[in-house]
Amino acid sequence: LEWIPCGDQSTRLKTPPKIMPSILITKLRPNQKITLEAHCKKSTGKDHAKFSPVSTASYRMLPLITLLSPILGPLAQELTTLEPGVFKLIKTPSGAVQAVIDDPLKCTMSRNYMSNPELKSKVKI
């Protein structure tokens with residue numbers, strides 16, 4: 001973490017706040033990174049609930065979905081039923097129905113598609 005003074009903080013604060021390198025924020029796997037911009041204001045819970053030491057944090061995983069081969073016909077319809085909102089059906093130039101990735105954020109990581117061995121070999125999440 002790096003402290004970047006805002007406004008007249010550099011003149012008001014003779015020494016910058018201590019940054020503790022031993023405090024673990026998260027553990028990352030190889031090739032993962034965090035891009036973070038944080039703004040802080042010190043206060044108490046009496047001023048506003050947002051300053052209460054009990055807070056909520058959330059995150060949402062973005063799954064990487066890969067179709068290993070085209071999924072056509074009834075198999076495509078089954079995939080959109082098993083993973084609703086994640087895939088959509090389109091018509092190919094030949095008139096066949098094909099499943100394509102629509103919204104990876106709607107994936108709940110349920111892996112229901114794995115119940116079908118043919119889909120299991122064609123979809124990777």
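The following legends describe close-up views of a predicted model. Local features are reported at pLDDT of at least 70 and side-chain atom pairs at pLDDT 80 or more, whereas totals for chains, interfaces and linings use all residues. Residues are numbered from 1 along each chain as its sequence is written, and side-chain values use heavy atoms, without hydrogens and water.

**View 1. The open sheet has the strand order β2-β4-β3.** Three strands form this sheet, and their pairing is antiparallel. The edge strands are β2 and β3, each of which pairs on one side only. Strands here are DSSP runs of E with at least two residues, and helices are runs of H or I with at least four residues, numbered from the N terminus; two strands count as paired if DSSP finds at least two bridges between them. Strand β2 (residues 71–72) is joined to strand β4 (residues 97–101) by two bridges, and I71 lies opposite A99 of β4. Strands of a sheet pair through backbone hydrogen bonds, either parallel or antiparallel.

**View 2. Strands β3 and β4 form a hairpin.** Strand β3 (residues 87–91) pairs with β4 in the antiparallel sense over five bridges. K91 has V97 as its bridge partner in β4, and I90 has Q98. Five residues lie between the two strands, and in the turn G95 adopts a positive phi of about 95 degrees.

**View 3. I71 belongs to the largest nonpolar core.** Such a core is a set of buried Ala, Val, Leu, Ile, Met, Phe, Trp, Tyr and Cys residues joined through side-chain atoms within 4.5 Å. The core has 13 residues, of which I71, L79 and V123 touch the most other members. Helix α2 (residues 74–82) supplies the largest share of this core, three residues. With neighbours within four places in sequence set aside, I71 is in contact (heavy atoms within 4.5 Å) with A76, L79, V97, Q98, A99, L119, K122 and V123. In soluble globular proteins, nonpolar side chains tend to be buried together.

**View 4. D8 and R12 form one of the two salt bridges found in the whole structure.** A salt bridge places a side-chain nitrogen of Lys or Arg within 4 Å of a carboxyl oxygen of Asp or Glu. The N to O distance between the D8 and R12 side chains is 3.0 Å. Relative accessible area (1.4 Å probe, protein chains only) is classed as buried under 20%, exposed over 50% and partly exposed in between. D8 is partly exposed at 41%, while R12 is exposed at 53%.

**View 5. K122 and E118 are joined by a salt bridge.** Their side chains meet at 3.8 Å, N to O. K122 is buried, with a relative accessibility of 18%, whereas E118 is partly exposed at 43%. K122 is also among the residues in contact with I71.

**View 6. N31 and M109 each have a positive phi without being glycine.** Most residues other than glycine have a negative phi, and most peptide bonds are trans. N31, with a phi of about 70 degrees, is located in the loop between α1 (9–12) and β1 (66–67). N31 is exposed, with a relative accessibility of 85%. M109, with a phi of about 60 degrees, occupies the loop between β4 and α3 (117–120). M109 is partly exposed, at 30% relative accessibility.
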